[in-house]
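This report describes helix packing and aromatic ring pairs in a predicted model. The structure is shown below.

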Amino acid sequence: MRKFITLSIILLAVMAGAYYISPHLAPKTELNPLGEFYLRNSYFGEYSAGSPEVVTAILWDYRGLDTYFETAVLFMAIIGAVSIFRNMPSVSFHPHGLTSITRTGVKIVGLITFIAAATTMFHGHITPGGGFQGGSMLAVVPLLVIVAFSKKALEKAGLTKERALVIRTIGLLTIAIVAFFPLLVGGYFMQNLPVYPRELYGMLISGSLFLFNMAEFLAVGAGFTIIFLLLSNPEGGNEA
């Protein structure tokens, strides 16, 4: 009870302080130089990333090196999770899934979610979204299947953690290849334009941004699926 009262007093003090200070903060009326550079050069300008979506241009072009290593860290985290769960014993497990109404609903929602995820990825270089967001949405589909049907049903459909790991590895290898390729043609690491084309058959693809988004989509979707499959393991016994 004493801790609760102390935490409540601290919380109220912080809220009161924020309420008092906020009107006295000077509103920002101008862009800082770096922000102005991104806005002016994301699509137009001498250092254009060829993308009207500034956030994607920053993530995969101007600050691409940062994103590259963040992706590598997430991959290592998933490899660590796979290593931890590798030697866990199987358990007696007889999944029956939820009702037929729920399973039918999951089929419909899963299809819609998959389309939305792919759309988010494909348009990530021109609208808010991208590979990470699309991949996160994609991972919801196998999660729904595990809950409504069972982990076994997902694996019988061919999506095992081993295959998901292969898909994730393909995604990460694609990111590495796209990042290193400019070095082979005299460019620099993760260079976008003009090494990669701004348009393909008249459609704006923003150079390497589209490729990075597509690879990240696969890597993130498969990565989260691996985690969901591992976490849905029963605690002990022989799996049915």
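## Contact of α2 with α3

In this predicted model, F37, Y38, L39 and N41 of helix α2 meet V54, I58 and Y62 of helix α3. The residues of this contact comprise 6 nonpolar, 1 polar and no charged.

Helix α2 covers residues 33-41 and helix α3 covers residues 54-62; their axes lie 10 Å apart, at an angle of about 100°. The two helices, α2 and α3, are therefore roughly perpendicular to each other, since angles of 65 to 115 degrees are assigned to that class.

## Aromatic pairs

The structure contains 13 aromatic pairs. One of them joins F37 and Y62 in an edge-to-face arrangement, with 5.7 Å from centre to centre and 70° between the planes. Because F37 belongs to helix α2 and Y62 to helix α3, this pair ties together parts that are 25 residues apart in sequence. F37 is partly exposed, at 29% relative accessibility, and Y62 is partly exposed as well, at 22%.

The rings of W60 and F212 are stacked, because their centres are 4.5 Å apart and their planes meet at 10°. W60 is situated in helix α3 and F212 in helix α9, so this pair ties together parts that are 152 residues apart in sequence. Both W60 and F212 are buried.

Ring pairs also link F37, Y38, Y47 and Y62 into a cluster.

## Helix α9

Helix α9 spans residues 208-231 and has 24 residues; from its first C-alpha to its last it reaches 34 Å, close to the 34 Å expected at 1.5 Å a residue. Helix α9 is mostly covered, with 17 of its 24 residues buried.

Note on methods
Residues are numbered from 1 along each chain as its sequence is written. This is a predicted model: local features need pLDDT of at least 70, side-chain atom pairs count only at pLDDT 80 or more; totals for chains, interfaces and linings use all residues. Side-chain values use heavy atoms; hydrogens and water are left out. Axes are lines fitted to C-alpha atoms, for helices over the stretch in contact, and angles run from 0 to 180 degrees between N-to-C directions. Helices (H or I, at least four residues) and strands (E, at least two) are DSSP runs, numbered from the N terminus. Angles under 35 degrees count as roughly parallel, over 145 as roughly antiparallel, 65 to 115 as roughly perpendicular and the rest as oblique. Contact means heavy atoms within 4.5 Å. Ala, Val, Leu, Ile, Met, Phe, Trp, Tyr, Cys and Pro count as nonpolar, Asp, Glu, Lys and Arg as charged, and the others, Gly among them, as polar. The expected span of a helix is 1.5 Å times one less than its number of residues. Buried means under 20% relative accessible area, exposed over 50%, partly exposed in between (1.4 Å probe, protein chains only). Rings of Phe, Tyr and Trp (its six-membered ring) pair if their centres lie within 6.5 Å; planes under 30 degrees apart count as stacked, over 60 as edge-to-face and the rest as tilted.
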